[in-house]
Amino acid sequence: MDVIIKGGTIVTASDQYVADIGVEGEQITRIGQSLRANGARVVDATGMYVIPGAIDAHTHLDMPFGGTVTSDDFETGQIAAACGGTTTHVDYCLQSVGGTLHEALATWRGKAQGKAVIDYGFHLAVTDLNANVMAELPAMVNEGITSFKCFMAYKGVFQIDDATLFQLLEQARELGALVNVHAENGDVVDLLTKRLISEGMTAPRYHAASRPLEVEAEATHRAVALAELARAPLNVVHMTCEASVRHVNEARARGLLDIHGETCPQYLLLNVDQYDEPDFQGAKYVMSPPLRDRKENAFLWRQLAAGNLETLMTDHCSFRMSDQKSLGKDNFAKIPNGIPGIETRVPIVFSEGVGKGRISLQTMVAAMSTNPARMYGMFPKKGCIAVGSDADIVLIDPKRRVVLSASTLHQHTDYCPYEGLEVEGYPVVTISRGEVIYENDQFVGSKGRGKYIKRGQYQAP
Ligand code: URP
Ligand code: ZN
Ligand code: ZN
């Protein structure tokens with residue numbers, strides 16, 4: 001064996017037990033008691049939780065958006081991910097209007113080439129569906145792109161109509177793929193935004209007013225109905241509130257077990273009052289859908305604990321305050337939408353979720369690793385600690401206290417939405433395919449080592 005992870009508490013989506021893990025090359029080859037080192041590197045995991053590396057399947061690295069480009073590229077974003085306990089990454093590749101899917105994929109492959117430090121794949125966001133694009137979908141699936149994305153919002157930029165969503169759902173069903181949807185009624189958002197701006201309501205707080213929870217709930221309901229009609233699997237991403245999660249839950253209660261929901265740490269921890277921070281600081285939290293009332297935070301934690309929201313991703317979409325968010329100084333509609341979080345998810349969810357008794361360790365592993373591995377066609381290579389799986393392993397020191405701050409995080413932004421939050425428990429070692437890439441507070445991997453993952457078909461978690 002090349003590496004032995006010794007004496008830690010292994011946590012999976014269903015179990016928790018003390019054992020050693022033996023790694024040969026890139027894979028886990030043994031799990032047992034008192035494994036002998038015989039020259040292998042020993043990683044002491046005494047007192048640590050040993051979890052399957054987290055998967056972040058909702059990010060926007062190096063993405064043109066809102067008149068600028070997100071500030072983390074595949075190098076900075078994935079280094080930040082690795083330092084925060086994430087070992088697998090699926091980014092949103094965007095079709096340009098008038099462009100082909102092959103072009104989009106080539107562009108996104110180019111963004112990752114030579115930069116990736118952890119393993120990665122792409123979802124394909126379809127923005128302009130026609131017969132030619134439709135004909136490209138099987139080839140995309142053959143390339144390992146087994147999840148598509150539709151934006152029901154961002155009118156005039158990415159927004160698609162219902163016919164497009166419906167046809168994509170039908171195709172996805174035939175191809176064994178999953179459709180992810182950004183559910184907000186973009187036409188109504190567009191109208192409310194124009195109305196607010198014309199009335200002089202230009203501050204960041206009006207971003208929330210332009211996207212009330214009803215627009216999310218309505219679009220969620222519509223997406224679920226179209227998925228039911230198409231008999232296709234659907235995942236509603238970045239869910240923020242009871243009014244919309246209710247539609248996913250109702251569908252599942254009716255036996256539609258391929259309807260899923262995702263949420264993100266920002267919707268669990270932050271709330272609408274953040275938009276009132278003085279001196280344009282509310283712009284830090286301008287994202288879509290927007291932050292909601294505090295009661296929604298508690299509701300989402302309960303849904304996560306119950307397994308109704310099956311995945312917890314970041315929607316990492318980072319912009320600097322200094323020269324990017326500031327584009328909307330006089331008009332909230334020009335503030336690039338998005339929030340950083342690729343590095344802080346695991347420690348926040350461990351500390352605020354598991355540490356505060358809101359969710360179990362098993363739920364944490366399921367929502368950030370095992371469930372996304374299944375849904376995005378990577379299980380059991382990724383998403384579990386088992387013989388034969390890739391040795392993507394993270395050690396969490398449950399006693400380590402860290403005060404989150406942009407000054408110490410690796411994310412390439414000039415702010416942290418959780419600045420000053422003290423977390424108890426932090427990832428201290430990250431192993432990717434058998435290689436230690438983060439230890440002693442340092443990233444020790446190499447640029448370009450991350451491999452493209454040719455993903456398989458969607459599986460229900
Ligand atoms: O505001 C957000 N969420 N920005 C990223 C793009 C998206 O809608 O997921
Ligand atoms: Zn979105
Ligand atoms: Zn997103």
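View 1. Tyr-154 puts a polar side-chain atom 2.6 Å from an oxygen atom of ligand 1, counting as a polar contact any pair of N or O atoms within 3.5 Å. This is a predicted model, where local features need pLDDT of at least 70 and side-chain atom pairs pLDDT 80 or more, while totals for chains, interfaces and linings use all residues. Residues are numbered from 1 along each chain as its sequence is written, chains are lettered from A and ligands numbered from 1 in the order written, and side-chain values use heavy atoms, with hydrogens and water left out. Over at Asp-315, a polar side-chain atom lies 2.7 Å from a nitrogen atom of ligand 1.

View 2. A cavity is a set of points on a 1 Å grid over the protein atoms alone where a 1.4 Å probe fits but cannot get out, and lining residues have an atom within 4 Å of a point. The volume comes to about 110 Å³, and of the 16 lining residues, His-60, Phe-65, Tyr-154, Asp-315 and Asn-337 are closest to the centre.

**View 3. The largest pocket has a volume of about 440 Å³.** A pocket is an open set of grid points with protein on both sides within 12 Å along at least five of seven lines. Among its 20 lining residues, Tyr-154, Val-157, Arg-211, Ala-333 and Asn-337 are closest to the centre. Helix H5 (residues 186-198) gives the most to this lining, with five residues; helices are DSSP runs (H or I) of at least four residues.

**View 4. The second largest pocket holds about 170 Å³ of space.** Closest to its centre, out of 13 lining residues, are Val-402, Thr-408, His-410, Tyr-426 and Tyr-438. Strand S16 (residues 393-403) supplies the largest share of the lining, three residues; strands are DSSP runs (E) of at least two.

How values were computed
Grid points are joined across faces, edges and corners, and a volume is the space filled by probe spheres set on the points. A polar contact is a pair of N or O atoms within 3.5 Å; within protein, one must be able to donate a hydrogen and the other to accept it, and residues adjacent in sequence count only if both atoms are side-chain atoms.
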